[in-house]
Amino acid sequence: MPETGNTGTTVGEAALRAPKKQEAVPGLALGLALLSAGPVVILALLIVVLSFLSPYFLTGRNLSNILAQTAVISVVAMGQHLVILTRGIDLSVGSNVALASVVGALSFHAGAPAFLVIAVMVGCGAAVGAINGLFYVFGRLPHPFIITLATLSIAKGLALQLADGRAIPGMPDAIDALGREAVWGLPGSVFVVAGVAAVLFVMAKTMVWGRWIYAVGGRPDAAVRMGIPVSWVLVSVYVISGLCAGIGAVILAGRTDAGSPLFGNLLELDTIAAVIIGGASFLGGRGHLGHALIGAIMIGVIRNALNLLNVNVFFQLIVIGVVIVIAVESDVLRNYLEGRVRVMQAGRQS
Amino acid sequence: MSAVPASVDHAATAEHPVLAVRGATKRFGSVVALDDVSIEVRRGEILGLLGDNGAGKSTLTKCISGVHQLDAGAILLDGAPTQIRSPADARFAGIETVYQDLALFDNLTPGQNFFAGRELAGPQWLPRGMRFLQQRRMDAETRILLANLKVTLPRLDAVVAMMSGGQRQAIAVARSTVFARKVVILDEPTAALGLRESRQVLNLVAALRDQGNAVILITHNMEHVVELADRAVVLRQGRKVGELVPTKDNKQELVSMIVGA
């Protein structure tokens, strides 16, 4: 074997375990660490500031209220997060929630038992998601924007048609229980959110499927060349996003004891905002479930605070929009800083 | 010369090249990218694939690695005709490719890149995507692999996005060794690298050969061809125009074959 003398860059295994050159860029590293911790820090600051501004904010009742109000956004945002990880977007989630709730209400009035009503709602959500995924992948659409925009319209129209434009009151008691207080002053919906989060966390972190999602989001063409079944990975994230919308519909129906074609209005924007505000990247392959949850809670806290402080409702939309811009810009900044780190790595190596 | 691993059956390798391409032809519309090209590579051998831009080198290797399909001709692995319809087929057949664009996942760690699409996971009765990752096994194998190849990386838990061009190239080449069982194709692995980083990658290429792989090396660098390649095939305008054993003395001859002068 031609062992060419090159001991300068080739060292044994010991060096692999104890790398010595990693702490050379403290400024950049600090900046990157701050950016990645950003959403948590901002949320914590927000809570501290608000507890001074309003005496009601930090009461157990208000906090439980915030969690109840963000339950739907949280669940649907977790599905949206998986889609965004693969560089996609699911605009249909809001209409999907409306359609699922209407179909659930109709099946309840047709005499279906509670478990069947739940299954119908979740199944309806997953079916819309499957349509999104299958058309996007096998219809060879350039971007999921198009098909999910179409299903946004179709699902909404279908929900309005089926419900004759009105809310349909009445849900099985098992579903209504989600809106009521369960344990420790928390509504049942919070436990649904926690359960969905736990399942998705295990799937994304410990299963091959989860690794594939990150690979597809990081570099779709390379994922194909590495033999990853990219088409099915993509379909699966839209199905799960739809499934989460179905679960969101169950929670919303439980809180209101009704199904309505007007449910989920602008929910697509809220969930996308939650994912981005929470710190996941629109560029794909970056972020985790915690980002979606923190973003959802942050939106809930901002809304709640503006209400407590008697700020005009219209102003909430403006605030959320501004926060989105800040979040996206810090993502851009993070990419820039990483580029700098890479350049410095190369510089130090040669 | 390279030490062929003891496990390799010498008689078999003498008879059958690991990879043989016969009469490869590929058209893109009216453009003939490959015209009746035949090559073969044996175990423990490096074949230099030379040619000017547009000569058909990349098309040929993409046909072997399943990105394109041949219009006519055959690919034989260990003497048996093999259909390679997709990159997954090629990898399954034991053909690894180091692409010019590296095809690395910037958002994953080196170890995660090594095992992308080939994750060690279980239990086996579950469908592939539903299996649970065996992270510790993959980490251990990553460390052993890098140590064997004498590749040093600043950290193994950082994503590849944070690493230099040479480190990334080394990761891409090292990845091809994880599962390579027969053939490794390297498309200009030293393009855009500094002198020292190139040297490290060339050592990796030699290591691939010493593991008993048949290596196809595409490069523009004559020094590297003379140093490493056991044979060199020259393509020009989609045709094979020459094949010889590269030495310091016939470097000029190779160059004139490439440019057609």
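Helix 4 and helix 12 of chain A sit oblique to each other (angles under 35 degrees count as roughly parallel, over 145 as roughly antiparallel, 65 to 115 as roughly perpendicular and the rest as oblique). Their axes cross at roughly 130 degrees and come within 6 Å. Everything here comes from a predicted model, where local features need pLDDT of at least 70, side-chain atom pairs count only at pLDDT 80 or more, and totals for chains, interfaces and linings use all residues. Residues are numbered from 1 along each chain as its sequence is written, while chains are lettered from A and ligands numbered from 1 in the order in which they are written.

**The two chains overall**

- Chain A has 14 helices and four strands (DSSP runs numbered from the N terminus: H or I of at least four residues for helices, E of at least two for strands).
- With a radius of gyration of 23 Å, close to the 20 Å that the globule rule gives for 350 residues, chain A is as compact as a globular protein of that length (the radius is taken over C-alpha atoms, and the rule is 2.2 Å times the number of residues to the power 0.38).
- The C-alpha trace of chain A spans about 80 × 55 × 35 Å along its principal axes.
- Of the 350 residues in chain A, 47% are buried (buried takes 20 or more other C-beta atoms within 10 Å of a residue's own, exposed 12 or fewer, and partly exposed is in between, with C-beta atoms placed from the backbone).
- If you take the contacts in chain A between residues at least 6 apart in sequence, 78% join residues at least 24 apart (a contact is two C-beta atoms, placed from the backbone, within 7 Å).
- Chain B has nine helices and 12 strands.
- The radius of gyration of chain B is 18 Å, close to the 18 Å from the globule rule for 261 residues, so chain B is as compact as a globular protein of that length.
- The C-alpha atoms of chain B fill a box of roughly 55 × 40 × 40 Å along the principal axes, and 49% of its 261 residues are buried.
- For chain B, 68% of the contacts between residues at least 6 apart in sequence join residues at least 24 apart.

**Helix 12 of chain A and its partners**

- Helix 4 covers residues 93-109 of chain A, and its A:Val93, A:Gly94 and A:Val97 meet A:Leu267, A:Glu268 and A:Thr271 in helix 12 of chain A.
- By class, that contact of helix 4 with helix 12 of chain A has three nonpolar, two polar and one charged residues (Ala, Val, Leu, Ile, Met, Phe, Trp, Tyr, Cys and Pro count as nonpolar, Asp, Glu, Lys and Arg as charged, and the others, Gly among them, as polar).
- Helix 12 (residues 267-278) also packs against helix 13 (residues 289-308) of chain A, at about 115 degrees with the axes 7 Å apart (axes are lines fitted to C-alpha atoms, for helices over the stretch in contact, and angles run from 0 to 180 degrees between N-to-C directions).
- That makes helix 12 of chain A roughly perpendicular to helix 13 of chain A.
- The residues in the contact of helix 12 with helix 13 of chain A are 10 nonpolar, three polar and one charged.
- The residues that helix 12 of chain A brings to helix 13 of chain A include A:Asp270, A:Ala273 and A:Ile277, and those they meet include A:His291, A:Gly295 and A:Met298.

**Buried spots in chain A**

- A:Thr271, in helix 12 of chain A, is buried, with 35 other C-beta atoms within 10 Å.
- Beyond its neighbours within four places in sequence, A:Thr271 is in contact with A:Ile73, A:Val76, A:Ala77, A:Gln80 and A:Val93.
- A:Thr271 and A:Val72 are 199 residues apart along the chain, with 9.3 Å between their C-alpha atoms.
- A:Leu243, in helix 11 (residues 230-256) of chain A, is buried too, with 24 other C-beta atoms within 10 Å.
- Again leaving out neighbours within four places in sequence, A:Leu243 is in contact with A:Gly79, A:Val122, A:Gly125, A:Ala126 and A:Gly129.

- Most residues other than glycine have a negative phi, and most peptide bonds are trans.
- A:Arg87 has a positive phi, near 70 degrees, and is found in the loop between helix 3 (60-85) and helix 4 of chain A.
- A:Arg87 counts as partly exposed, with 19 C-beta neighbours inside 10 Å.
- A:Asp164 has a positive phi as well, near 55 degrees, and lies in the loop between helix 6 (144-162) and strand 1 (168-169) of chain A.
- A:Asp164 counts as exposed, with 9 C-beta neighbours inside 10 Å.
- In chain B, a cis peptide bond joins B:Gly122 and B:Pro123, with omega about -5 degrees; B:Pro123 is in the loop between strand 7 (121-122) and strand 8 (132-133).
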